[in-house]
Amino acid sequence: MTRGAYIYNLGRVPYMEAWDLQRSLAAAVSQGAIPDTVLLLEHPPVITMGRRTDEGELHVPDGAEVEILETDRGGKSTYHGPGQLVCYPIFDLTRHGQDVKRYCRDLEEALIRTLAAVGVEATRIEGLTGIWVEGPPRKIASIGVHITKWVTTHGYALNVDLDTAPLTEWITACGLEDAQFTTMARELERPVTVDDVRPAATKAIADVFDLAFEVVPGEDAGLWAQPIHASLAAH
């Protein structure tokens, strides 16, 4: 059964502001005040450390203009920056099977469909996290989620068109030694913007999770005003 959901196209948002927004939305979704909600955005340069980050994963050069933050998501360290599409689904998994592994597989499927829609063939690789382009394996998207009382936060980061050097030179990304990273622009050999990819990402999430999205204006997201529940519930 197709369910209604909200989607916000927020542009570039500092990581901590987006994290605060996720937590506020998660509380509203958990209370039934709003339906499942998806945030699509970019971050300024930031390195985030998941719950399984090990000592020694970070080797950021002195003077690098990047935030370094600990988070509550699963996984290890990763890098976000402009030119990367970040997707944060705030879903009540009691509506989607209450199955964490299935949820992660569905996120992977949404990424694979998003990439296919613009001409990039990508896949899962057994034993490795995220989504990859093969021959040789090159990581194009990362996944890291947090689930509390069956409500999800965090999500995926898709490399659209950005400098991948921080993923290999500043950190041991996702805990993978000697991993190669790529972008959609590199694979397609042409410029691609995050805005170019948003429609395909939106459709893929809607199709995989059986949702019908209502686009909510970014100014209604409550980024700089708390609490947000009353204004969101009015939509």
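**A walk through the predicted chain**

Of the 235 residues of the chain, 52% count as buried, where buried means under 20% relative accessible area, exposed means over 50% and partly exposed lies in between, with a 1.4 Å probe and protein chains only. The model is predicted: local features need pLDDT of at least 70, side-chain atom pairs count only at pLDDT 80 or more, and totals for chains, interfaces and linings use all residues. Residues are numbered from 1 along each chain as its sequence is written, and side-chain values use heavy atoms, with hydrogens and water left out.

The average pLDDT of the chain is 87, and 87% of the residues score at least 70; pLDDT is the predictor's confidence in each residue, from 0 to 100. Over residues 223-235 the pLDDT is below 50, and this stretch has 25 contacts in the model beyond near neighbours in sequence. A contact means heavy atoms within 4.5 Å. Where pLDDT is low, the predicted coordinates should not be read in detail.

The secondary structure comes to six helices and 10 strands. Helices (H or I, at least four residues) and strands (E, at least two) are DSSP runs, numbered from the N terminus. Among contacts between residues at least 6 apart in sequence, 72% join residues at least 24 apart.

On a 1 Å grid over the protein atoms alone, a cavity is a set of points where a 1.4 Å probe fits but cannot get out, and a pocket is an open set with protein on both sides within 12 Å along at least five of seven lines; lining residues have an atom within 4 Å of a point. Grid points are joined across faces, edges and corners, and a volume is the space filled by probe spheres set on the points. Strand 8 supplies the largest share of the cavity lining, four residues, and strand 5 (77-80) also supplies at least two. The lining divides into five nonpolar, four polar and one charged. Here Ala, Val, Leu, Ile, Met, Phe, Trp, Tyr, Cys and Pro count as nonpolar, Asp, Glu, Lys and Arg as charged, and the others, Gly among them, as polar.

The second largest pocket has a volume of about 190 Å³. Helix 1 (15-30), strand 8 (138-148) and strand 9 (151-159) are the elements that give two or more residues to its lining, with the largest share, five residues, coming from helix 1. Among the lining residues are Trp 19, Arg 23, Asp 72, His 146, Lys 149, Val 151 and His 154. The lining divides into four nonpolar, five polar and three charged.

His 154 is placed in strand 9 and has a phi near 60 degrees, a positive value in a residue other than glycine. His 154 counts as buried because its relative accessibility is 2%. Glu 189 also has a positive phi of about 60 degrees although it is not a glycine, but this residue lies in the loop between helix 4 (184-188) and helix 5. At 73% relative accessibility, Glu 189 counts as exposed.

Pro 136, between strand 7 (131-133) and strand 8, is joined to Gly 135 by a cis peptide bond with omega about -10 degrees. Asp 92 is found between strand 6 (84-90) and helix 2 (100-117); it is buried, with a relative accessible area of 11%, and touches Val 29, Asp 36, Trp 150 and Val 151, not counting residues up to four places away in sequence. Leu 58, between strand 3 (46-49) and strand 4 (67-70), is partly exposed at 28% relative accessible area. Leu 58 and Ser 77 are 19 residues apart in sequence and 7.9 Å apart in space, C-alpha to C-alpha.
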